[in-house]
Amino acid sequence: MLYIVATPIGNLKDITLRALEILREVDLILCEDTRHSGQLLHQYEIKKPLLSFHEYNEIEKIPEIITRLKNGEEIALISDAGTPLVSDPGFKLVRAAREEGVEVKAIPGASAAVAALSISGLPSDKFFFVGYLPKTSGKRESLLKKLANQQKELPASLIFYESPFRVNKLLGELSKFFPNASVSVTRELTKVHEEVLTGEVSEVKELLANKSPKGEFTIIIH
C-alpha cells in the first residue's frame with residue numbers, strides 16, 4: 001500500500017490523528033528533505049526509516065519503491081509541507097504504482113491553497129490552482145495572458161504560489177493583466193507571523209513594496 005499523507009503547512013499541531021497512525025505503522029517514509037521531515041516525526045516520537053524522494057531523484061527512485069511495495073511493504077509519501085503532489089513531487093510515483101496494481105490511499109489534511117482561499121474573502125465556489133508560474137518572463141506573461149482571457153468566459157479565483165524573492169514581480173505582472181481585480185496575499189499561514197493582505201492588486205503591491213517579504217506566499221486573485 002502507498003499512502004499519500006498530508007502534513008502541516010506550518011503549525012505542527014495541524015496533523016490528523018489518522019496521519020499520525022499511518023506514519024507510525026508504515027515500513028518506510030518518503031520525504032523531500034529528511035532533516036526537515038525529521039523535525040515533525042521527532043515531535044510525535046515517530047521512528048521510521050526515511051528515504052529522500054524529491055524532484056531531482058524521483059524517476060530513479062521509482063523502480064526501487066515499486067519493488068518494495070509489490071513485496072508487501074507499506075510506504076508513506078510526505079512533502080515538506082501540506083498535501084503531496086500539489087506543486088510537489090509524487091505524481092509519477094502514484095501513476096507508476098497504479099499501473100503496477102499497487103493500491104494508493106489518500107490521508108488528507110492541510111493544503112496552503114485551500115486554507116488561503118478559505119480566509120481570502122474572495123469567491124470560493126470556483127477556483128483554478130495555477131501554482132508556481134514559469135521562471136522565464138516570456139512563459140510567465142504568455143500564461144497570465146491566457147488566464148486573463150479565460151476568466152472572461154469562466155470567472156474563477158486563481159491561486160498562485162510564489163517565493164518571497166519573486167512575489168513583488170508577480171504582483172506587478174498581475175496588475176498588468178488583471179488591473180481591476182481583487183487580490184488576497186497570504187504568507188506564513190498557521191505560523192506565528194501569519195499575515196493576510198487584501199485589496200486591489202495595485203494597493204497590495206504598494207503595501208508589499210515597502211517590506212522585505214519573508215516566508216512562502218499564496219496569492220489569490222479574482
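This is a predicted model: local features need pLDDT of at least 70, side-chain atom pairs count only at pLDDT 80 or more; totals for chains, interfaces and linings use all residues.
Residues are numbered from 1 along each chain as its sequence is written, and side-chain values use heavy atoms, without hydrogens or water.

Helices (DSSP runs of H or I, at least four residues) and strands (E, at least two) are numbered from the N terminus. Helix 3 (residues 58-70) and helix 4 (residues 91-99) have axes that come within 10 Å and cross at roughly 35°, where axes are lines fitted to C-alpha atoms over the stretch in contact and angles run from 0 to 180 degrees between N-to-C directions. In contact (heavy atoms within 4.5 Å) are Glu58, Ile59, Ile62, Ile65 and Ile66 of helix 3 with Phe91, Lys92, Leu93, Ala96 and Ala97 of helix 4.

In helix 8 (residues 201-209), Val201, Val204 and Leu208 are buried, that is, under 20% relative accessible area with a 1.4 Å probe and protein chains only, exposed being over 50% and partly exposed in between. The elements covering these residues include helix 7 (167-177) and strand 8 (182-187).

The whole structure contains 11 salt bridges, each defined by a side-chain nitrogen of Lys or Arg within 4 Å of a carboxyl oxygen of Asp or Glu. One of them joins Glu141 and Lys176 at 3.3 Å, N to O; Glu141 lies in helix 6 (residues 137-153) and Lys176 in helix 7, so the pair ties together parts that are 35 residues apart in sequence. Glu141 is partly exposed at 32%, and Lys176 is exposed at 53%.
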